[in-house]
Amino acid sequence: MGESSGYKEYVAGLVAGVATVIIGHPFDTVKVKLQKHNTEAHGITYRSGLHCTSRILKTEGIRGLYRGATSSFVGVAFESSLLFGIYSQTKQSLQGGVQGGGPQLQVIIPSAAYSGALISFVLCPSELLKCRMQVQGTDSMVPKSSRYGSPLDCALKTIKTEGVTGIFRGGCTTLLRESAGNAVFFSVYEYVRYYMHSRLKAASSYHSHLIDMGIGIVSGGLGGVAFWSAVLPLDVAKTIIQTAPDKSSSRNPFQILSSIYRRAGFKGCYTGLGPTIVRAFPANAAAIVTWELAIKILGIKHD
């Protein structure tokens, strides 16, 4: 990054967040349904992500894949704005104005973990609303009388029954997921981007915009796959914590994962892996390409 560009870095991050939701939300809906229903002792079990997707399309249509997208658009756009903005500015501060020389893990990891920890406070409430909306489709075991009409209805009923702290259920798990996950994401992104730039830019000066886009797709996509491969068990625990009907149920992610492991083995802790990885590459590739394009348009220098 060049000199601090203030609000521009946050604007670029916001645009990247919108692109992420447009591309990734349908896959996320499938992931959440698998995590909720396939980890329960009783109820509906989907054979695979494809089976779950076909069930949603058959019973609810395309709209079913975007269930809960309203809160996701707001939450992810705001979260992405903060993530990229805080990461960029923290990275600049830790670098102390020294540019070049390749990626530095001692700068990338704390910058990414810090920004991930901060955005978890925004992400937790929006994901709670999103998850509760996503799991109440036609295949849901949730009684119709207990279902939510909209994200706002979900928020109001959650606050009414659980108090204001209820919308922050799963907050510690979200913080752990985002801190660790973003440290992995930005490390992979920065190193893959640096390696590809050093090879491709040196080989050809033609079609530089296409090369930049290709590098963004690969580095962002691989970063997303690395993120979810590293923290999916925490995400499984978070989904269970946030969608549990009993407000007194455990909120300890490691206790929940231990229970899942005893019942379903290691595979159970990675429930939803298929749609998550399928989603991770295009959604994060779209986010990075959009972010890099936005910072270029806004005149922000990128290493």
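Guide: A crossing of helices is left-handed if the near helix is turned anticlockwise from the far one by less than a right angle, and right-handed if clockwise. By this convention, H1 passes H8 in a right-handed crossing. The model is predicted, with local features needing pLDDT of at least 70 and side-chain atom pairs pLDDT 80 or more, while totals for chains, interfaces and linings use all residues. Residues are numbered from 1 along each chain as its sequence is written, and side-chain values use heavy atoms, without hydrogens and water.

Visitor: What makes up the secondary structure of the protein chain?

Guide: The protein chain has ten helices and zero strands, where helices (H or I, at least four residues) and strands (E, at least two) are DSSP runs numbered from the N terminus. The order of elements from the N terminus is accordingly α-α-α-α-α-α-α-α-α-α.

Visitor: Why are H4 and H5 called roughly antiparallel?

Guide: Helix H4 (residues 69–95) and helix H5 (residues 105–134) pack at about 165°, their axes 8 Å apart. Axes are fitted to C-alpha atoms over the stretch in contact, with angles from 0 to 180 degrees between N-to-C directions. Angles under 35 degrees count as roughly parallel, over 145 as roughly antiparallel, 65 to 115 as roughly perpendicular, the rest as oblique. H4 and H5 are therefore roughly antiparallel. The crossing of H4 and H5 is right-handed, and their contact has 16 nonpolar, nine polar and three charged residues.

Visitor: How do you know that Ile241 counts as buried?

Guide: Buried means under 20% relative accessible area, exposed over 50%, and partly exposed in between (1.4 Å probe, protein chains only). Ile241 has 1% relative accessibility and so counts as buried. Ile241 lies in helix H8. Beyond residues up to four places away in sequence, Ile241 touches Arg169, Gly170, Thr173, Ser250, Arg251, Pro253 and Ile256, a contact being heavy atoms within 4.5 Å.

Visitor: Is Thr174 buried or exposed, and what makes it so?

Guide: Thr174 has a relative accessible area of 0% and is therefore buried. Thr174 belongs to helix H7; leaving aside neighbours within four places, Thr174 is in contact with Ser120, Leu123, Cys124, Lys238 and Gln242. In the protein chain, 52% of the 303 residues count as buried.

Visitor: Which classes of residue make the contact of H8 with H9?

Guide: The axes of H8 and H9 come within 10 Å and cross at roughly 115°, in a right-handed crossing. Residues of H8 including Leu232, Pro233 and Ile241 meet residues of H9 including Pro253, Ile256 and Leu257. This contact has twelve nonpolar, one polar and no charged residues. Here Ala, Val, Leu, Ile, Met, Phe, Trp, Tyr, Cys and Pro count as nonpolar, Asp, Glu, Lys and Arg as charged, and the others, Gly among them, as polar.

Visitor: Which residues touch the most other members of the largest nonpolar core?

Guide: A nonpolar core is a set of buried Ala, Val, Leu, Ile, Met, Phe, Trp, Tyr and Cys residues joined through side-chain atoms within 4.5 Å. Of the 29 residues in the largest one, Phe84, Phe186, Trp228, Ile260, Ile288 and Trp291 touch the most other members. H8 provides the largest share of this core, seven residues. Beyond its neighbours within four places in sequence, Phe84 is in contact with Glu9, Gly13, Ala16, Phe186, Ile288 and Trp291.
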